[in-house]
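Hi,

Here is the structure I promised to pass on. Have a look first, and my notes follow below.

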Amino acid sequence: MAPERAVATVDLGAIERNCARLPKPLCAVVKADGYGHGAAEVAEAALRGSAERLAVAAADEATALRAHGIEAPILVMGALTPAELASAIDADAEVVAWTEEVAQAAPRVHVKLDTGMGRLGTKDRDLALRLAARPNVVGLMTHFATADEPGDELFGAQLAAFSEFVEAVGRDDAVAHAANSAAALRDPASHFDFVRCGVAVYGMDPFGEDPAAHQLEPALSLSSWVGAVRRFAAGDSAGYGRRWTAPEPTWVATIPIGYGDGWRRALTNNCDVLIRGQRLPLVGTVSMDNVTVALGPDTDIAVGDEAVLVGAQGEERILAEEVAHRLDTINYEITCALTPRVRREYLR
Ligand SMILES: Cc1ncc(COP(=O)(O)O)c(C=O)c1O
């Protein structure tokens, strides 16, 4: 592979296979530019992998999918300003409502009951029942707060509350949906008329473990290249603030990727990079455009070698889940953080 500053390679075959393995019917969630993978490309792959619908958070995301010629049903799930609501309607998208105003304004509406997420939707069951009786209502939905925490009591309570609501509405002409990836993988009772999966579509594990446990294939890998290799004497430091000093004479590689690309500064002295199939420690402060990697007292690593920050090389592999654990966050944030400076390349 020719050296390149920072490239996220997205395996669209993996997206397709992940979708094919997830419960059906499937709505693929492609908000936030497809969790950083590229919304239109992911949407097309997901539809090939037998997803029947798409969901996004913002009206502009629906508009962008339509501009790519995507004709599948799109649900815009977020709170919308009047201007955004108009854009969503122009994009022939369905929208989520929990107020009379929005329920009246859009031609096709999904009523959202807040059963415990405490974010969007109404907690007022009577209002939800009134809204759900409108003829333009095509869906009923809720969202789980703790589906990724097996054993948590709220999940069962939310599921019971939503099931009871769907029953009380009693409409065969409206679809009911609740399950995110974690719920879809963990409890068939949460599937209703379709599952709304995001993170699993990308081959990341909603429980933060190895995606292979649910036969999911990570679609994204992130690579850069060795831009410089220099000899450090014992006591020489790398990067801002001298947060790493060579304990002995050692080689250090500079990789031209940094927090300006979404490789977070909190990874300072706190992750590994793969070069020539070796797992090597990132040392020193992550700067905006560069990181440094300790290569040891002897090395055959040379300028131009590929450096893998997420993905496999030789026998070694770094998962987004591993990077997330280092940062005390979730895998979603690792891929969403990648900035436009990282070129997306698609394997078809
Ligand atoms: C309302 C809603 N449904 C479904 C999803 C997909 O969730 P996940 O990526 O965990 O599958 C999200 C994403 O956060 C969401 O906000």
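Buried here means under 20% relative accessible area, exposed means over 50%, and partly exposed is in between, using a 1.4 Å probe and protein chains only. For the terms: rings of Phe, Tyr and Trp (its six-membered ring) pair if their centres lie within 6.5 Å, and planes under 30 degrees apart are stacked, over 60 edge-to-face and the rest tilted. Phe-144 sits in the loop between β7 (137-141) and α8, and Phe-155 in helix α8, eleven residues apart. Helices (H or I, at least four residues) and strands (E, at least two) are DSSP runs numbered from the N terminus.

Before going on, a word on the source. This is a predicted model, where local features need pLDDT of at least 70, side-chain atom pairs count only at pLDDT 80 or more, and totals for chains, interfaces and linings use all residues. Residues are numbered from 1 along each chain as its sequence is written, and side-chain values use heavy atoms, leaving out hydrogens and water.

Back to the rings: the count comes to six aromatic pairs. One of them is Tyr-35 with Tyr-202, stacked at 4.7 Å centre to centre and 20° between the planes. Tyr-35 is in helix α2 (residues 31-35) and Tyr-202 in the loop between β9 (195-197) and β10 (220-225), so the pair ties together parts 167 residues apart in sequence. Tyr-35 is buried at 6% relative accessible area, and Tyr-202 is buried at 0%. Ring pairs also link Tyr-35, Tyr-202 and Tyr-332 into a cluster.

Most residues other than glycine have a negative phi, and most peptide bonds are trans. Which residues does a cis peptide bond join? Lys-24 and Pro-25, with omega about -15°. Pro-25 is in the loop between α1 (12-21) and β2 (26-29).

Arg-242 has a positive phi, near 50°. You'll find Arg-242 in the loop between β11 (228-232) and β12 (250-255), and at 54% relative accessibility Arg-242 counts as exposed. Asn-269 has a positive phi too, of about 50°. Asn-269 is in the loop between β12 and β13 (272-275) and is partly exposed, with a relative accessible area of 36%.

Cheers
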